[in-house]
Each structure stands twice: as structure tokens, then as C-alpha cells.
Amino acid sequence: MKFLSLARSRRVAALQKPLLRNTTTATRFYSGPTVDFDHFTSGWSNVGDLEEFKKRGKYELQTFNKISPQGLATFPKDLYNVQAYADAVDSPAQALMLRSHKLQEEEVGASVRCIARCGAGTNNIPVARMTELGIPVFNTPGANANAVKEL
């Protein structure tokens, strides 16, 4: 009986203790490599010309399918640079626009912040994986309603 009460008191005591008290105990449980974070404490001195970084850039939009030039003309030229995916070799895109193209995860760069499906549905986009990556996927349902109405 004494043994059971001793085991029970140790279990209760273990539950009441915090798992990690400070960073020194945290390092005991981590056996990986040491990582040093700069957090940009070195400042802007190693960048060069600061005025270059203050310039306002353009958003890069890449299209996978042929999208109407009238629709693409709604993006102001001074803010957006719209080009086809095949033509944009060295420019990382912030947004992707597609119609029927079956989008693969490899085609989505690290700079992509959103994906637009020009039409109804998102069955040609890996929505679950894009959600894991934090990339919103949206579509334009009803965009071709006038064309259907005219039939």
C-alpha cells in the first residue's frame, strides 16, 4: 500500500511541474543543430543603396490560359505586370490566374500570395494543399452569366 501511494504522489507531482521552465532546460530536449537568428540586427548597412528599396514596385500576375485582354486591361499598368506563365521565366509572381489549366503544386512559387480561378469551381486547383501553404484560392462564379443568358 505504501508503494502505491508513493507512485501516485510522484505521478501527481510530475503533472504539477511545468514541462519547460526556461530555455536551458529546453535545449536539453533538443538534439538538433544550433540555429542562430539574426532578426536583421545587422541593419541596412550591408544592403547598399536604400533608395533602391524605397521604390514602389509592380505586382506580378501570371496567367496560365488565354484570358480576355479586356478583363486584363482592368489592372492598371503602373501597379500590375500581367504576363503568361511561359513568358515569365525570371519574375516571381504574387498572383496566379487560370481557367482550365490543371495546376500542379510545382507551378506555385514561394512568392505566390493568391490564386484566382477565372470561372466557376476550383476542381483544377489543389485547394487543400494551397490552404496548408496559406495561399487563398478563389473563383469567379457567375462571370459568364451574360454569355449563357444570350444563348
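Mentor: The answer below begins with the chain as a whole and then turns to the rings and the strands. This is a predicted model, in which local features need pLDDT of at least 70 and side-chain atom pairs count only at pLDDT 80 or more, whereas totals for chains, interfaces and linings use all residues. Residues are numbered from 1 along each chain as its sequence is written, and side-chain values use heavy atoms, leaving out hydrogens and water.

The protein chain contains 6 helices and 5 strands (DSSP runs numbered from the N terminus: H or I of at least four residues, and E of at least two). Along the sequence they follow the pattern α-α-α-β-α-β-β-β-α-β-α. Of the 151 residues of the protein chain, 19% count as buried (under 20% relative accessible area with a 1.4 Å probe, protein chains only; exposed is over 50%, partly exposed in between).

The model has 3 aromatic pairs (rings of Phe, Tyr and Trp, the last by its six-membered ring, with centres within 6.5 Å; stacked under 30 degrees between planes, edge-to-face over 60, the rest tilted). One of them joins Phe 64 and Tyr 85, which are stacked, with 4.4 Å from centre to centre and 25° between the planes. Phe 64 belongs to the loop between β1 (59–63) and α4, and Tyr 85 to the loop between β2 (80–84) and β3, so this pair ties together parts that are 21 residues apart in sequence. The two partners fall into separate classes of accessibility: Phe 64 counts as buried at 15% relative accessibility, while Tyr 85 is partly exposed, with a relative accessible area of 32%. Elsewhere, ring pairs link Tyr 59, Phe 75 and Tyr 80 into a cluster.

The strands β1 and β2, named in placing these loops, also pair with each other. Their pairing is in the parallel sense over 5 bridges (two strands pair if DSSP finds at least two bridges). Within this pairing, Glu 60 stands opposite Asn 81 in β2.

Both strands belong to an open sheet of 5 strands, whose order is β2-β1-β3-β4-β5 with parallel pairing. Its edges are β2 and β5 (137–139), each of which pairs on one side only. In this order β1 stands between β2 and β3. The stacked pair of Phe 64 and Tyr 85 therefore joins the loop between β1 and α4 to the loop between β2 and β3.
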